[in-house]
Amino acid sequence: MSTLSAEELLKRKTLGIGTETITNQQSTDFPGHWPGETHEWDLDYFKQTFNVQFHSHKPNDTQFSLTSLDTAIANAFRRILLAEIPTLAIEDVFVYQNTSVIQDEVLAHRLGLIPLCGSRDGLRWMKWYSKPTDEDPGSGTPSDYNTVVLRLEVECTWQDGGLQRAVQGETDPDKLYINHNVYARDLIFKPTGRQSELFAFARGLEIKSTNPDILIVKMRPGQSINLSMHAVKGIGQDHAKFSPVATASYRLMPTIDITQPIVGADAKKFARCFPRGVIRLDTVTPEDVAKNPELEGQEGEVKAVVADAMSDTVSRECLRHPEFKDKVKLGRIRDHFIFRIESTGQWESDELFLESVKLLKVKCQRIKRGLDEMMK
């Protein structure tokens, strides 16, 4: 492996950000590029350098860093998060009555996009539902292990049997009508077979909307909806409604190197070129002057200091001002990925990342078996 200093290694893997260009974007840590350096992939070296660091965590929003990782692997995690982790979503809607103003097909589409949650063990236990085909007469049969049944039966009526209509000038629908807004909380789970055990109401594991306040439709007296829904297991690759994330993205770690002191009014202007908190304004001290003669005579002035480079959006705003162009260098670290996962609520965001790791491992094992078969 390479015996270069940490400073030289960091320089090699830092992309340079110019006013209109990007430099050093090609990776060079592969065998044969640098004379006298092997750069062969080594598992022990990877274990020593790879690191995962969580920056913030909420059940539906997590941000963490993966360092010393190849771009292809980081992007594989992102794509798996978006398209290959299974969830439950409404697939078929059977409308018995719909006298609301919303059309049947639009109503079915809205219902399909409502994210559902329940027991994770129950979700793993469920099998894939196969659409009916002419080739397989037994296909397309709903059962407790591949289909979840939900019901929606709501009718809008007047308050107090219509007496409120006599209140002159009343316009508040909450005071005039009952069930005028139909929400996701109105979806009723109807368990069948083993679902009563795996998705038990008593333990709060039943199938329900992740957000009960999602508005489905508005109605007025005389309008009603009566329908049944079949929810099945699927992945985002089939349809976006099965994707467990609102978004899963990553960006490279920004770097900001101040090569010459920026003090006084320029320091305040420089700080305004970045998002709040990225640049801090410190006071020039005698110790600073002793370390850097360029600060001679500027004691007591404010100077610009990098406080939180990770929060920078790399807008390059500072490079558009001629007074800063030769005093700062912007860059991004090629193998430092800042991930952000926003879950729709079916899985917690950190669980989603672990699921993506498991799925990538399965893919690697499948490729290994295929290669072994080819070598026989």
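Tutor: Let's start with a nonpolar patch on the surface, formed by Ile367, Leu371, Met374 and Met375, with about 510 Å² of accessible area together. A patch here is built from residues with over 30% relative accessible area and no salt bridge; nonpolar side chains (Val, Leu, Ile, Met, Phe, Trp, Tyr) are joined within 5 Å, like charges within 9 Å. The areas come from the Shrake-Rupley method with a 1.4 Å probe, and for residues only the protein chains shown count as cover.

Helices are DSSP runs of H or I with at least four residues, strands are runs of E with at least two, and both are numbered from the N terminus. Leucine 371 has a relative accessible area of 47%, so it is partly exposed. On this scale buried means under 20% relative accessible area, exposed means over 50%, and partly exposed is in between (1.4 Å probe, protein chains only).

A word on what you're looking at: this is a predicted model, where local features need pLDDT of at least 70 and side-chain atom pairs count only at pLDDT 80 or more, while totals for chains, interfaces and linings use all residues. Residues are numbered from 1 along each chain as its sequence is written, and side-chain values use heavy atoms, with hydrogens and water left out.

Staying with α10, glutamate 351 in that helix links to another part of the chain. Arginine 120 forms a salt bridge with glutamate 351, and the closest N and O atoms are 2.8 Å apart. Arginine 120 lies in helix α5 (residues 120-125) and glutamate 351 in α10, so the pair ties together parts that are 231 residues apart in sequence. A salt bridge means a side-chain nitrogen of Lys or Arg within 4 Å of a carboxyl oxygen of Asp or Glu. Both partners are partly exposed: arginine 120 has a relative accessible area of 27%, and glutamate 351 has 25%.

The structure holds 22 salt bridges. Among them is the one between glutamate 37 and arginine 12, whose closest N and O atoms are 2.9 Å apart. Glutamate 37 is in the loop between β2 and α2 and arginine 12 is in helix α1 (residues 6-12), so to speak two distant parts of the chain, 25 residues apart. Glutamate 37 and arginine 12 are both buried. Arginine 194 and glutamate 197 also meet through their side chains, at 3.8 Å from N to O. Arginine 194, at 37% relative accessibility, counts as partly exposed. Elsewhere, salt bridges that share partners join Glu91, Asp92, Lys131 and Lys241 into one network.

Glycine 32 is placed in the loop between β2 (22-23) and α2 (43-49), and at 68% relative accessibility glycine 32 counts as exposed. Leaving aside neighbours within four places in sequence, glycine 32 is in contact (heavy atoms within 4.5 Å) with Glu37 and Thr38.

Now for a helix with a buried face. In α4 (residues 104-112) the buried residues are Leu107, Leu111 and Gly112. They cover an arc of only 135° around the axis, which puts them on the same side of α4; the arc is that of the directions from the helix axis to the C-beta atoms. Those residues pack against β5 (87-98), β7 (148-155), β13 (215-218) and β14 (224-234).

Asparagine 179, in the loop between β9 (177-178) and β10 (181-183), has a positive phi near 60°. Valine 314, in the loop between β17 (302-306) and β18 (328-343), has a positive phi near 55°. Asparagine 179 is partly exposed at 39%, whereas valine 314 is buried at 14%.

Zooming out, the protein has ten helices and 18 strands, and its C-alpha trace spans about 85 × 80 × 40 Å along the principal axes. Buried residues make up 38% of the 376 residues.
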